[in-house]
Amino acid sequence: MDGARLKRNIVLTVVLLIVVALFVYTMCTEVVVGEDYQSRFHATWVALLPPLFAIVLALITKEVYISLFVGIVAGALFYSNFDLELAFSTMLFGTNAEGDARGLIPKLADSWNAGILVFLVLLGILVALMNKAGGSAAFGRWASRHIKTRVGAQLATIALGIIIFVDDYFNCLTVGSVMRPVTDGHKVSRAKLSYLIDATAAPICIIAPISSWAAAVTSSVPEGAEINGFQTFLKTIPYNYYAILTIVMMIFITVRRVDYGPMKRHEWNALKGDLFTDGAVDGDETVQGNPKGHVLDLILPVVVLIAACIMGMVYTGGFFEGKSFIDAFAGADASVGLVYGAFIALIFTFFYYMYRGVITFKDFAECIPRGFFAMVAPILILALAWSLSGMTNLLGADVFVADLVGGSAAGLQALLPAVIFLVALGLAFATGTSWGTFGILIPIVLGVFRSGDMMVMSIAACLAGAVCGDHCSPISDTTIMASAGAQCKHVNHVSTQLPYALTVAAVSAATYIISGGLESMWELGWLGLPIGIVLMIVTLFVIEKVVGREKAEQDG
């Protein structure tokens, strides 16, 4: 018997024994479900096990769908105290005491989630149209004449990611569709493209005043608080070390041609012509499209998409009812606004391409299922990730973390920014959500600090940790979107990005420790950012010394 078959049989045997044990346990245990029902594991460390199971299993087996499903099943079993009937019902149809969606079906039926899925499909159709009309190919030809090096292709990707700061979902898919032909032409691996997309999504949105993330942070400040949510968000930007240091890291490793960890193997393979290392993803194809296509056939729809999404978001926030632009953005419904924007852009693109004569009506009709098919994988992963997050919340992971932080904060005020950063990182990593993380932790920070620079720094640490955890987590929707945007295998993206994100996280944590000490002793916390940048650059130079650089003659 070969080793692979032996491992498979061992796994199947263990799974069978667990199922039998659970069945016997269920037969011997009566679970009473009422309005006040609560799992015996509620708000304990066990609540963090389901996402941990999913993450570890995904990294070991490389099978994302099965791993996420196993995490959901584990969460449902813990919640039901191992009652199989209740676990099955919870996994599919579960809600919490307030009626919020937690199971798979309610998550898909949730209007916010449904809006995001529709937005993904509309973007998929737009990308298919751009390819069919020849806009993507034309942009690739233009870029090949103006962008001469691998470094230039990566810097252009970073620049476009920074420019598209409105929303992380929109950023991931737009940057990916526009830059794939360019980076492919310069032999940049899909894993590296995924990292650049992901690192210019949430880390940029969290320091952009006009973005869906700024609106989410503003809305996380409790009503009746003594501070203005949006003004406080603006003050946190210089203290958001993870976001800023991520930008420093991207530029350094691109210009210096330094890669390490699994990414180095992917980049080496790309230089030899293999952009994927482990094979292309389903639906990845190079479409030349209409030879009459022009660069404007890609740029104009993207510009209209950006403008329409911004207007759609402020529309949902009441801009046309008399609110200011800032207030409207702060109160925007990103899910609805993005759907409005994508639909308007799709209609415009159809008429524009028909006028240009680069597609026919039949071409347009064919692009609809093609665009949907391209988004099937991320939609499936998102649905499973949302359900896993729901199981984690049913188990009270947020309560467990809140109690942990709240109980220790009083005696750790100088170290609180670093503590908050690490706790937010862990919670966002386990649940796959940044917004839920800072929604939990910001009120706790405000309970410790009513005002002052330490309060601002601690809120910034919360935001930075949430983004970092989101950046690292395989079940984060932004991470999933980055894989989809680059059309890279999700496990490849996660495994190659993790060492980079953890490097920045370590420097950020050290910077928060230094900055918190400077603020508490001498009120010089503002020195933290320059100190952090210096630490980041020194760390990267040390890494460069250890792993070496890509040879200059390969940069072509």
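This briefing describes the fold of one protein chain and then several of its residues and contacts.

The model is a predicted one, and its protein chain has 556 residues, of which 56% count as buried. The secondary structure comes to 27 helices and zero strands. Among the contacts that join residues at least 6 apart in sequence, 80% are between residues at least 24 apart.

- When residues up to four places away in sequence are left aside, Ser39 touches Phe78, Tyr79, Asn81 and Leu395.
- One of these residues, Asn81, is also joined to Ser39 through the side chains, by a polar contact of 3.5 Å.
- Asn81 itself belongs to the loop between H3 and H4, and its relative accessible area of 7% is under the 20% limit, so Asn81 counts as buried.
- The backbone of Asn81 has a phi near 55°, which is a positive value in a residue other than glycine.
- The structure holds 18 aromatic pairs, and one of them is formed by Phe41 and Phe82, whose ring centres are 6.0 Å apart and whose planes stand at 85°, an edge-to-face arrangement.

**Helices H24 and H26**

- Helix H24 (residues 453-472) packs with helix H26 (residues 490-522) at an angle of about 170°, and their axes are 10 Å apart.
- Because an angle over 145 degrees counts as roughly antiparallel, H24 and H26 are described as roughly antiparallel to each other.
- On the H24 side the residues that meet H26 are Asp453, Met454, Met457, Ala460, Ala461, Ala464, Cys468, His471 and Cys472.
- On the H26 side the residues that meet H24 are Val494, Gln497, Leu498, Ala501, Leu502, Ala505, Tyr512, Ser515, Gly516, Glu519 and Ser520.
- Sorted by class, the contact of H24 with H26 has 13 nonpolar, five polar and two charged residues.

- Phe421 lies in helix H22 (residues 416-431) and Tyr512 in helix H26, so that the pair, whose members are 91 residues apart, links distant parts of the chain.
- Phe421 and Tyr512 are both buried.
- Tyr315, Phe319, Phe320, Phe325 and Tyr340 together form one aromatic cluster.

**The loop between H25 and H26**

- Gln487 has its place in the loop between helix H25 (477-486) and H26, and at 15% relative accessibility this residue counts as buried.
- The phi of Gln487 is near 50°, a positive value in a residue other than glycine.

- Not counting residues up to four places away in sequence, Thr254 touches Val151, Gln154, Leu155, Ile158 and Leu196.
- Trp112 lies in helix H6 (residues 111-133), and at 29% relative accessibility this tryptophan counts as partly exposed.
- The residues that Trp112 touches, apart from those up to four places away in sequence, are Asp333, Ala334, Ser335 and Trp435.
- For one of these residues, Ala334, the C-alpha atom is separated from that of Trp112 by 8.5 Å, although the two residues are 222 residues apart along the chain.

Technical notes:
Residues are numbered from 1 along each chain as its sequence is written. This is a predicted model: local features need pLDDT of at least 70, side-chain atom pairs count only at pLDDT 80 or more; totals for chains, interfaces and linings use all residues. Side-chain values use heavy atoms; hydrogens and water are left out. A polar contact is a pair of N or O atoms within 3.5 Å; within protein, one must be able to donate a hydrogen and the other to accept it, and residues adjacent in sequence count only if both atoms are side-chain atoms. Contact means heavy atoms within 4.5 Å. Axes are lines fitted to C-alpha atoms, for helices over the stretch in contact, and angles run from 0 to 180 degrees between N-to-C directions. Helices (H or I, at least four residues) and strands (E, at least two) are DSSP runs, numbered from the N terminus. Angles under 35 degrees count as roughly parallel, over 145 as roughly antiparallel, 65 to 115 as roughly perpendicular and the rest as oblique. Ala, Val, Leu, Ile, Met, Phe, Trp, Tyr, Cys and Pro count as nonpolar, Asp, Glu, Lys and Arg as charged, and the others, Gly among them, as polar. Rings of Phe, Tyr and Trp (its six-membered ring) pair if their centres lie within 6.5 Å; planes under 30 degrees apart count as stacked, over 60 as edge-to-face and the rest as tilted. Buried means under 20% relative accessible area, exposed over 50%, partly exposed in between (1.4 Å probe, protein chains only).
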